[in-house]
Amino acid sequence: MLNLRPVPEDGDDGLLDHVRQRFRKVAIVHYWLVTMRGGERVIERLLRLFPQADIFTHVYDPARVSRTIAGRKVTTSFIQKLPGARRHYQKYLPLMPMALEELDLRGYDLVISSESGPAKGVITDPDAMHLCYVHSPMRYLWDHYHQYREGTGPLNRAVMPFLFHRLRTWDVASASRVDRYVANSHFIQRRIERAWRMPSTVVHPPVDVDLFAASHEIDDSYLWVGQLVPYKRPDLAVEAFNRLGLPLTVVGDGPMAASLRRMAGSTVTIIPRLDFASLRRHYARCRGFVFTAEEDFGIVPVEVMASGRPVLAFGKGGALDTVVDRQTGLFFDRQTVDSLSEAVSRFEDWLPSFDPELAMIQARRFAPAAFDAGILRSLI
């Protein structure tokens, strides 16, 4: 059964006061602020813990972030001033180590770096605490290097081996500048050890589970939600449900959208986007949620469980931290159409025994208060 440990509540004021008194001047370093995704939601929560914090980043577009972030002092690196940086910031990746080291963090007691693109390599005061919250070691340098190289143009393919070799050397060397690492999942904890040979603790990212609720009405259709990009494997879901002849709703847009529409059979519906109220309704009424990606953490499965629905997930990555097998969902073990199709059949057999209450209890383990407590404990 579920390990129903108590979820920390917001009221741990003693620990919060202790940390705030110890660290009076706080800097938060984020790789780039040009959209609102899971990493930026972590920044919002850190700003709630440390309302006095200043933000440092490579590239900043205030029109594309939340008011919480846009209302703070944001300092950018010199990357911001380069041509087309707000849209093509990743092309300047080779310059980002130097740009980070030019950021002036003198006088800050606490530096929290948010790492997925380069962020942890800043130079801090000798007496400052540097905590790094790792969404992922840079994928394009490590796990997904060959995929990125195959997907780019001839010139980039020619220069990437030379540039990225130097970037990996810097990435490993700069790892020693951090005092403590926090991983967003056990999957990322293992990747930190593999890439940087550094220990870490696990604090899952905050998921605003109170925004979601169960429904008494359940539809026949399964649901897939995400960017339509190759690593998320939406093609697996479309092909499997074509084969099974079962209804599937795919919500998302991206470079694979046109090919998936051509692939989709009569039982598969593809919707480019939904407003939040409609998305919540789809979460709460879906027969089951299909999660085909190997994600670092994966917020959407938690949101679906908070809506009282089960998850059918690929059994690797962050899903192993969130989904409880045969209680809040099931796993399939290979990213193949055969494996997913077989798992859907098992899921159908298991579904009558699913208890929505268990899914909602599990989702609460990832509520923002749990994230707050984990970060504060990492600083004492």
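A residue is called buried when its relative accessible area is under 20%, exposed when that area is over 50%, and partly exposed in between, with a 1.4 Å probe and protein chains only. By that definition ten of the eleven residues of α16 are buried, so this helix is largely enclosed by the rest of the structure. The structure is a predicted model, in which local features need pLDDT of at least 70 and side-chain atom pairs count only at pLDDT 80 or more, while totals for chains, interfaces and linings use all residues. Residues are numbered from 1 along each chain as its sequence is written, and side-chain values use heavy atoms, with hydrogens and water left out. Helices (H or I, at least four residues) and strands (E, at least two) are DSSP runs, numbered from the N terminus.

**Helix α16**

- The buried residues of α16 are P368, A369, A370, F371, D372, A373, G374, I375, L376 and S378, and they pack against α1 (13–22), α2 (38–49), β5 (129–134), β6 (180–183) and β7.
- S378 lies in α16, which covers residues 368–378, and S378 counts as buried at 11% relative accessibility.
- Leaving aside residues up to four places away in sequence, S378 is in contact (heavy atoms within 4.5 Å) with L131, R180, V182, T201 and V203.

**The open sheet**

- Seven strands form an open sheet with parallel pairing, in the order β3-β2-β1-β4-β5-β6-β7, where two strands count as paired if DSSP finds at least two bridges between them.
- Strands β3 (74–76) and β7 stand at the edges with a single partner strand each, so one side of each is left without a neighbour in the sheet.
- Strand β4, residues 110–115, pairs with β5 in the parallel sense over six bridges, and the bridge partner of S114 in β5 is Y133.
- Helix α2 packs on the sheet, where it touches β1 (26–30), β2 (54–57), β4 and β5, and its direction makes about 175° with that of β1; the axes behind this angle are lines fitted to C-alpha atoms, for helices over the stretch in contact, and angles run from 0 to 180 degrees between N-to-C directions.

**V42 in helix α2**

- V42 is placed in helix α2 and counts as buried, its relative accessibility being 1%.
- Again not counting residues up to four places away in sequence, V42 touches Y133, H135, P205, P206 and F371.
- V42 and P368 are 326 residues apart in sequence, whereas their C-alpha atoms are 9.4 Å apart in space.

**Loop arginines with positive phi**

- R197, a residue other than glycine, has a positive phi near 60°; R197 sits in the loop between α8 (186–196) and β7 (201–202) and is exposed, with a relative accessible area of 57%.
- R326, also a residue other than glycine, has a positive phi near 65°; its place is the loop between α13 (319–322) and β13 (329–332), and R326 is partly exposed at a relative accessible area of 48%.

**A nonpolar surface patch**

- F78, L95 and M98 make a nonpolar surface patch of about 250 Å²; patches consist of residues with over 30% relative accessible area and no salt bridge, with like charges joined within 9 Å and nonpolar side chains (Val, Leu, Ile, Met, Phe, Trp, Tyr) within 5 Å, and a salt bridge is a side-chain nitrogen of Lys or Arg within 4 Å of a carboxyl oxygen of Asp or Glu.
- L95 lies in the loop between α4 (85–88) and α5 (96–102) and is partly exposed, with a relative accessible area of 34%.

How values were computed:
Accessible areas come from the Shrake-Rupley method with a 1.4 Å probe; for residues, only the protein chains shown count as cover.
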